[in-house]
Amino acid sequence: MNTFIPWAAKQGIKPITILGADKSFIFSKTKRYVDMTSGLVVVNLGHNNNYIKQAFTQQLDTGLGYVPSMFGNYHRDKLSSRLLDLTNKQGKVFYGLGGADVNENAMFMCLEYQSFKNQSKSKILTFGKSYHGGSSIISSLLGGDKRKMDKQLHFDLPNLIHVPNPSMNDNGKHSINTISKHINSGRVAGIMIEGSSGSAGCIQYPKGYLNKIQELCHQNDVTLIVDEVMSGWGRTGKMFGYNHSDIDPDIIVTAKGLTCGYSPLGAMIVDDKISQIYNDNTLNSGLTYYGHPVSCAVANNCLDLYLENDMEVVKYAYCLGDEIHTLANEIVDKYSCLVEYRGNKLLGCFEFKNDETIQKANILLLENGVFCYNRNKLLFIAPPINTEYKVIKDVFEIIDNVIEQVQE
Ligand code: PLP
């Protein structure tokens, strides 16, 4: 094997080579798999979508395969307007290559905002269990997450504070009290939280939890950064995960489903309150491929599909998510090797009691033509949001059979 496999427990195991894909399926030379986690929760609108594919040739036929950041560009500017409209914002949009680098820029901007206002606030709050990206600085945000502990080289940023995730048992009280204590110290510049929790474990937010965080942020001029990299674009049956609460974040970070992975792109939608500081100050950030025109064209075609017929596909995802929870809970009730199924619509996971059982289950699932991303004791269920009901029903029958076989 001449390619590193990031995050894999062992190198050297020959992975299945994927030769093609269509809708909710991926194909090796000999087998068809249902892609039950949309790759890494990316391909929200499914594989091989002709309308998304057209964006490549349409953009490249203009002759513009690259446009540097100091020029305007039709698709980049159009996308910015649409992202601002969708989030009811007057501000500006910043582009990157994916979730991690844009999240770093969100932290950077929230710290700059405070320093331009001559405030000494310099702390950022994140959650003990959270994931915001794999580049060195941003992965310091992972509290006690194993993915951080495995990487000894990661450094702890002095200005980072990890706060407890909410628990449904106390309605999020302990988490909110801790956040409140830190914010009331007057040293906190911002807080970063997923709009709906994903790979950190689909941790449930009690009702009103995000509203309470927003209230604390508003009272203390703390920037609320909502990471929608995984939870955005219909994944939770709403356009963004935070749309399940009545909040208006200062910064929204998106990637993955923005282009459905057909081309890399991350974007940060910044409220006017913060973006206006750069009317008279230089924004010292941005990469060579800032708002790449091909990726922005792809994103615009994805947005056309998400918004088509009054967001029909997003509404479909809401109902499909409910169906999945029903099917998953029936399985949990049958097998004692499972702790629970939890999540928000099409962003969910089974929690297993032990590592060995989940490893066995995942091997059997692959043998039976089902691909699910798994991490530690969690088996994620996040298919393309337009997956047919029939496909899901068949997959859950397979999951049921597989768990019956691995159950001891
Ligand atoms: N934020 C969240 C919530 C994520 O789930 C991820 C990746 O899985 C990231 C950020 C990082 O995105 P990327 O891998 O595109 O840098």
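Which residues in helix 2 meet which residues in helix 9? I opened the notebook with this point, working from a predicted model.

**Entry 1: helix 2 and helix 9**

I looked up the contact and found Tyr51, Ile52, Gln54, Ala55, Phe56, Gln58, Gln59 and Leu60 on the side of helix 2. On the side of helix 9, I noted Pro293, Val294, Ala297, Val298, Asn300, Asn301, Cys302 and Leu305. Sorted by class, the residues of this contact are eleven nonpolar and five polar, with no charged residue. I then turned to the geometry, since two packed helices are described by the angle between their axes and the distance between the axes. For helix 2 (residues 50-60) and helix 9, I recorded an angle of about 145° and axes 8 Å apart.

I next consulted the domain assignment of the protein chain. Domain 1 is made of two segments, 20-48 and 312-406, whereas domain 2 covers 50-306. Taken over C-alpha atoms, the centres of domain 1 and domain 2 are separated by 26 Å. To the contact, domain 1 gives 24 residues and domain 2 gives 25 residues. On the side of domain 1 that touches domain 2, I listed the elements giving two or more residues: helix 1 (38-41), helix 9 (293-334), strand 11 (338-344) and strand 12 (347-352). Helix 9 supplies the largest share of that side, five residues. I also classified this side of domain 1, which has 14 nonpolar, seven polar and three charged residues.

**Entry 2: the ligand shell**

I counted 16 residues around the ligand. The closest are Gly98, Gly99, Ala100, Gly133 and Val229. Which element gives the most to the shell around the ligand? I found that helix 4 (residues 99-116) does, with three residues. By class, I noted six nonpolar, eight polar and two charged residues in the shell.

I traced an open sheet of four strands, ordered 1-2-3-13, and recorded its pairing as mixed. Why is one side of strand 1 and of strand 13 left without a neighbour in the sheet? Strand 1 (20-22) and strand 13 (370-371) stand at the edges and each has a single partner strand, so one side of each lacks a neighbour there. I then examined strand 1 and strand 2 (residues 25-27), which run antiparallel and are joined by three bridges.

Methods
Residues are numbered from 1 along each chain as its sequence is written. This is a predicted model: local features need pLDDT of at least 70, side-chain atom pairs count only at pLDDT 80 or more; totals for chains, interfaces and linings use all residues. Domain bounds come from an automatic or database domain assignment. Two residues are in contact if their C-beta atoms, placed from the backbone, lie within 7 Å. Ala, Val, Leu, Ile, Met, Phe, Trp, Tyr, Cys and Pro count as nonpolar, Asp, Glu, Lys and Arg as charged, and the others, Gly among them, as polar. Axes are lines fitted to C-alpha atoms, for helices over the stretch in contact, and angles run from 0 to 180 degrees between N-to-C directions. A residue is near a molecule or strand if its C-beta atom, placed from the backbone, lies within 6 Å of it. Two strands pair if DSSP finds at least two bridges between them.
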